[in-house]
Amino acid sequence: MQFVIIGAGRVGLRTARVLRDEGHEIMLVERDEQRIKRAQNQDFPVIEGDGSREPILEEAGVEDADAVGALTSDLNVNFTACMVGNHHGCRTVMRIDEAYREGIYRKYADQVDEIIHPERLGAIGAKNALLGGTIRAIADIAPSLQVVELTVTDAAPVNGYTLSELHLPADATVLAFGKNNSPLEIPTEDSSLEVGDRLVVLADFDVLSEVRQLLVGETPMEAAANAGSGSSSISTDRDADSDTGGMN
């Protein structure tokens, strides 16, 4: 897959490295000379310029890209870049920092494919958002345990259940729950499970396949394969950068 990433600060560059390690093609957009040199020293192609300007993004290959990751610390740059990406049919992922109020978050959430908080999820959280999908690994917290976020699909056996009716394996538990397009919250027993709802689950690797079958609706073969190889390790990335990658 091909990705255009705006911002070559810590979040953008680390996300680019993760994607490149998985065999994807990356083009970075950055205006800061020092960050450009740092990215080029790591053999990344970089377009120098304002990441909110369509001609710059076209030079970066947005017309052929599968997704645009607007990962600067400037909300205006990120949003404008995502709108350009939308125009060219790309999946769009926009960084928003913890300082922004929930109302601002909800305002922008309806106009991009996904919003990320890199202070919470780090580079692999950004990678997962760019790739899309119904399952995202959040963190490996022990050799045999993993926290994963799963999205209920129409194929899930538990679609239509309440959380009180959900019976996960003994070595798995629900940590958080969010209705479709709503923030994650502490789960309550009467919450209903519907398509697009998200659950954060702590599970032993031995039962992760079964959890996937229940909550996502994967076949046993798919779930076993994904549980064994599709769950990326993630270390949280709390050292937020101040990259701009676009307008002053």
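This talk describes the fold of one protein chain and a few of its individual residues.

The structure is a predicted model, in which local features need pLDDT of at least 70 and side-chain atom pairs count only at pLDDT 80 or more, whereas totals for chains, interfaces and linings use all residues. Residues are numbered from 1 along each chain as its sequence is written, and side-chain values use heavy atoms, with hydrogens and water left out.

I begin with the chain as a whole. Its secondary structure comes to eight helices and 10 strands. Helices (H or I, at least four residues) and strands (E, at least two) are DSSP runs, numbered from the N terminus. Of the 248 residues in the protein chain, 52% are buried. Buried stands for under 20% relative accessible area, exposed for over 50%, and partly exposed for what lies in between, with a 1.4 Å probe and protein chains only. Contact means heavy atoms within 4.5 Å. Among contacts between residues at least 6 apart in sequence, 60% join residues at least 24 apart.

I turn now to the sheet. Six strands form an open sheet in the order β3-β2-β1-β4-β5-β6, with parallel pairing. The edges are taken by β3 and β6, each with a single partner strand, so one side of each is left without a neighbour in the sheet. From one strand to the next, the twist averages 20°. For such angles, axes are lines fitted to C-alpha atoms, for helices over the stretch in contact, and the angles run from 0 to 180 degrees between N-to-C directions. Two strands count as paired if DSSP finds at least two bridges between them.

Which strands does α1 touch as it packs on the sheet? Helix α1 touches β1 (2–6), β2 and β5, and its direction makes about 170° with that of β2. The length of this helix can be checked. The expected span of a helix is 1.5 Å times one less than its number of residues. For the 12 residues of α1 (residues 10–21) this gives 16 Å, and the end C-alpha atoms are 16 Å apart, which agrees. Buried residues in α1 include V11, L13, A16 and L19. After the helix comes G23, with a positive phi near 95°.

Next, the pairing within the sheet. Strand β2 (residues 25–30) pairs with β3 in the parallel sense over three bridges, and L28 has V46 in β3 as its bridge partner. Strand β4 (residues 67–70) is joined to β5 by four bridges, again in the parallel sense; here A70 stands opposite M94. With helix α4 (residues 75–87) between them in the naming, β4 and β5 make a right-handed β-α-β unit.

How many residues of strand β5 are buried? Four of the five residues of β5 (residues 91–95) are buried, so this strand is largely enclosed by the rest of the structure.

Helix α2 lies across β2 and β3 and runs at about 160° to β3. K37 belongs to this helix, residues 33–41, and is partly exposed, at 46% relative accessible area. K37 and A8 are 29 residues apart along the chain, with their C-alpha atoms separated by 9.9 Å.

Two loop residues follow. D43, between α2 and β3, has a positive phi near 70° although it is not glycine, and at 64% relative accessibility it counts as exposed. S52, in the loop between β3 (46–48) and α3 (54–59), is buried at 10%. The side chains of S52 and D50 are joined by a polar contact of 2.7 Å. A polar contact is a pair of N or O atoms within 3.5 Å; within protein, one must be able to donate a hydrogen and the other to accept it, and residues adjacent in sequence count only if both atoms are side-chain atoms.

What caps its N-terminal end? D204 does, with a side-chain oxygen 2.8 Å from the backbone nitrogen of D206. The helix is followed by G217, whose phi is positive, near 90°.

Terms used
Right-handed = clockwise from strand over helix to strand, strands pointing away.
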